[in-house]
Amino acid sequence: MTRVALLSRSANLSYFQPLLQGLAPELDVAVWPDPRSLHADVAVCWNPPVGVYDDMPNLKLIHSIAAGVDNLLDGQRTRGLPVCRVVDPQLAQGMLQYVLWCVLTFHRKLDLALSNQRAARWSRPPQTPASQCRIGLMGLGELGGAIAAVLPGMGYPVNGWSRTPRSIDGVRVYAGEDAFDEFLANTDVLVCLVPLTDATRGILNRRTFDALPQGAAVVNCGRGEHLVAADLIDALARGQLRGAVLDVFAQEPLDPADPLWSTPGVIVTPHMATMPSPDTVAEQVVANIRRLGQGESLAHTVDLTRGY
Ligand code: NDP
Ligand code: OXD
């Protein structure tokens, strides 16, 4: 019998218990802080308690319930165990829809129309063709790659930035730190979809904003810790940036007193860009547990040396 622990210090993951057992009745599923969870073979996690893997002597697999794994790795010793994440076409489609909404907001100037409405001001924002709105995708993986596959067909010039070079039809790809400034100089709407790692923490900072053309916009759907919020607020106040859509925050939920809620030009959304369905997560976890049991290679493993 395989024992599974649902581990989170910020969310109640008990809804996965019936889903996992519905697919695999032989699983014994415990929800942390039930002490049984420390005897588990498989940890299924979102924001697990720091150091918990060290207290789990039977642990063989760490599985995220999400695409990102930063919160499973931060401050944790994974002891060389495999770590897997969720990869799902529906998740990529949800992110595409969200980013499309952001791109249209800035390209078609819905942000200006809404602020004019608040002042009861009838003023038609000048419109420009998509060919004049350059989209910069930071991250060309499962999510960024799905967006890069669609936006060029809508007439947007698309630039992408990744750690390693790659070739995508209709997309100019910049790779590595050395190419970052040139990528930024050619970007009017910057979309952050890199994972949170030591290399990307705080990457949305004053230096990055100042390397964008004046009046550019920023969309952060990666992680809150990518953003230096004070630098964003300053760049908006200086007019270096025209606006920002923020979906993720270092502290979630965002504190009601946080200045980002009311900074002119900032649209706040509550980590809703995309979400995998719990059924899909449960299916992927069970499939990996079965692979583990049969000694097969696991799907969607994370490279711990890269951190994603
Ligand atoms: P992937 O691992 O598939 O892709 C990551 C991409 O980022 C790759 O192209 C990778 O480059 C690039 N990258 C990583 N590090 C660097 C670096 N230092 N410099 C340049 N490029 C880098 O991740 P996903 O697309 O599946 O997910 C990305 C992130 O999106 C998640 O980690 C999570 O934080 C966030 N997310 C947010 C959600 C939301 O609702 N807001 C929902 C789901 C995910 P290379 O191709 O060379 O490896
Ligand atoms: C994810 C997320 O990483 O929801 O999947 O942010």
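**View 1. Backbone and side-chain contacts to ligand 2.** Ala67 puts a backbone N or O atom 2.7 Å from an oxygen atom of ligand 2, a polar contact in the sense of a pair of N or O atoms within 3.5 Å. Gly68 also has a backbone N or O atom 2.7 Å from an oxygen atom of the ligand. From His271, a side-chain N or O atom sits 2.6 Å from a ligand 2 oxygen. On its own, ligand 2 exposes 210 Å², and the protein buries 85% of that (Shrake-Rupley areas, 1.4 Å probe). This is a predicted model, so local features need pLDDT of at least 70 and side-chain atom pairs pLDDT 80 or more, while totals for chains, interfaces and linings use all residues. Side-chain values use heavy atoms, without hydrogens or water; residues are numbered from 1 along each chain as written, with chains lettered from A and ligands numbered from 1 in written order.

**View 2. The shell of ligand 2.** Around the ligand you'll find Ala66, Ala67, Gly68, Arg223 and His271, counted when a heavy atom lies within 4 Å. By class, that's two nonpolar, two polar and one charged residues, with Gly taken as polar.

**View 3. Strand S7, residues 158-162.** Five of its five residues are buried (under 20% relative accessible area, 1.4 Å probe, protein chains only). Val158, Gly160 and Ser162 point one way, Asn159 and Trp161 the other.

**View 4. The neighbours of S7.** S6 (residues 135-138) pairs with S7 in parallel over four bridges, pairing needing at least two DSSP bridges; Gly136 has Asn159 as its bridge partner. S8 (residues 171-175) also runs parallel to S7, joined by five bridges, with Val158 opposite Val171.

Methods
Buried < 20%, exposed > 50% of the residue type's maximum accessible area, 1.4 Å probe, protein only. Helix = DSSP H or I, 4+ residues; strand = E, 2+ residues; numbered from the N terminus. Polar contact = N/O pair within 3.5 Å; in protein donor to acceptor, adjacent residues only side chain to side chain.
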